[in-house]
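Here is a short tour of one protein model, written for someone meeting structures for the first time. Keep the picture beside you and look up each residue as it comes along.

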Amino acid sequence: MKYDFDEIIDRKNSNSMKWDVKDGELPMWVADMDFQTAPEIRKAITERAEHGVFGYSVIPDEWYQAYQDWWSKRHHFQIEKEWLMFVTGVVPAISSAVRKLTTPGEKILVQTPVYNIFFNSIVNNGRTVLESPLRYEDGAYEIDFEKLEKDLADPQTTMMILCNPHNPVGKIWSRETLARIGRLCRKHHVIVLSDEIHCDLTAPGKEYVPFASVSEDCREISITCIAPTKTFNLAGLQTAAVFVPNEGLQSKMYRAVNTDEVAEPNAFAVQAAVAAFTKGAPWLDALREYLEENKQYAKAFIEENIGEIKPVASEATYLMWLDCRELLGGATELAWYLRNTTGLYVSEGRQYGKSGAGFLRMNVACPKEMLTDGLQRLKKGGLAYEEWVLNRC
């Protein structure tokens with residue numbers, strides 16, 4: 001089947017958070033695709049809707065099997081049924097884990113720049129954010145292991161939230177890197193909460209490595225959050241999972257998500273997930289090709305037209321991380337200027353941690369025509385911004 005990712009879907013007046021913007025604005029900020037989900041998933045949801053009764057739901061065996069088969073075939077890792085538990089979302093699961101597996105005042109380590117909502121899950125629950133910045137050299141991000149071990153050795157550090165693949169920088173962590181993280185965290189008695197929601201959105205020919213698959217160290221200290229929502233654009237259906245191999249952590253996490261009441265599905269959550277993982281592979285493979293074309297097109301356009309902005313090399317996600325440090329002024333003010341003069345709405349990097357200052361995050365999961373519009377606005381606004389900064393001096 002041929003899938004039409006060029007079709008522009010009007011999302012205004014659909015209660016879309018992304019598109020709750022002024023007329024003329026183009027939102028390319030939140031990680032939400034502007035494509036319809038796979039037709040096989042839409043069919044499953046429609047059939048469930050036609051049943052007409054939307055009472056309380058249970059988790060059937062086919063839900064477990066769908067996750068198990070997908071991770072076995074796509075990611076070469078066997079998840080045991082007893083490890084899996086349904087949750088309404090990755091963020092609710094992260095917040096539950098922080099709340100129930102750590103105590104107030106303890107430090108939760110994150111590798112910045114990183115998904116900004118991690119900070120909310122930590123701070124809102126009375127814990128302390130410990131930024132352990134990634135090292136950025138020659139246009140690429142790596143882990144500063146000397147700094148990481150020092151931070152993990154702090155007795156107050158009890159949990160690390162790992163982003164695998166890493167949002168916003170698009171990094172796929174290697175097996176060797178993950179194994180080293182696992183050894184250090186086990187040595188220093190730190191639980192690893194691995195957010196792997198972007199795992200299926202890798203560039204064609206690239207594969208991610210599940211953290212828990214790497215070693216006994218990684219398996220015994222980890223809680224992994226997974227979902228079809230980013231991959232198939234289903235975030236609004238609130239359907240996700242966690243898997244926990246270690247029995248002790250498993251028991252604590254089960255208690256956490258049930259105490260917080262984030263372990264019960266809505267009427268469409270199961271059917272959508274099962275359809276995604278059993279029938280969505282062809283659509284996903286086509287999507288990955290389209291996203292990679294968008295990334296390469298955007299990269300070439302920016303390099304040709306706005307040389308002061310440097311796209312960071314990316315192996316995963318549909319988010320582009322743009323190094324704007326050579327532009328006059330600052331990226332925070334640039335994001336404001338772009339939105340107020342061109343209508344282009346992108347995310348400023350500082351919200352992803354201190355080391356995100358000077359960067360912008362841009363979502364390119366949209367039809368090519370829309371992406372072209374966004375890039376033209378970026379060009380127009382970026383060039384005008386420097387002149388505006390100079391005139392203020």
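## Salt bridges

The count for this protein comes to 24 salt bridges, where a salt bridge is a side-chain nitrogen of Lys or Arg within 4 Å of a carboxyl oxygen of Asp or Glu. This is a predicted model, in which local features need pLDDT of at least 70 and side-chain atom pairs count only at pLDDT 80 or more, while totals for chains, interfaces and linings use all residues. Residues are numbered from 1 along each chain as its sequence is written, and side-chain values use heavy atoms, with hydrogens and water left out.

Let's look at one of them: Asp23 and Lys12 meet through their side chains, 3.3 Å from N to O. Both residues lie in the segment before S1, so the pair ties together parts that are 11 residues apart in sequence. Asp23 is exposed at a relative accessible area of 73%, whereas Lys12 is partly exposed at 24%. Here buried means under 20% relative accessible area, exposed means over 50%, and partly exposed is in between (1.4 Å probe, protein chains only).

## Bridges across the chain

Arg339 and Glu25 form another salt bridge, with their closest N and O atoms 3.1 Å apart. Arg339 sits in helix H12 (residues 331–341) and Glu25 in the segment before S1, so this pair ties together parts that are 314 residues apart in sequence. Arg339 is partly exposed, with 28% relative accessibility, but Glu25 is buried, with 12%.

Now find Lys187 and Glu149, whose closest N and O atoms are 2.9 Å apart in their salt bridge. This pair links distant parts of the chain, 38 residues apart, with Lys187 in helix H6 and Glu149 in helix H5 (residues 145–153). Salt bridges can also share partners: Arg11, Lys18, Asp32 and Asp34 are joined into one network in this way.

## The whole chain

How many helices and strands are there in the protein chain? There are 13 helices and 15 strands, counted as DSSP runs (helices H or I, at least four residues; strands E, at least two) and numbered from the N terminus. The radius of gyration is 21 Å, close to the 21 Å that the globule rule gives for 393 residues, so the chain is as compact as a globular protein of that length. That radius is taken over C-alpha atoms, and the globule rule is 2.2 Å times the number of residues to the power 0.38.

Along the principal axes, the C-alpha atoms fill a box of roughly 60 × 55 × 35 Å. Of the 393 residues, 57% are buried.

## Backbone details

The bond from Thr112 to Pro113 is cis, with omega near 0°, and Pro113 is found in the loop between strand S3 (107–110) and helix H4 (117–123). The bond from Asn167 to Pro168 is cis as well, with omega near 20°, and Pro168 is in the loop between strand S7 (157–163) and helix H6 (175–187).

Next, look at phi. His76 is not a glycine, yet its phi is positive, at about 60°. This residue is in the loop between helix H2 (61–75) and strand S2 (84–87), and His76 is exposed, with a relative accessible area of 56%. Thr317, also a residue other than glycine, has a positive phi near 70°. Is Thr317 buried or exposed? Thr317 is buried, at 2% relative accessibility, in the loop between strand S11 (310–311) and strand S12 (319–323).
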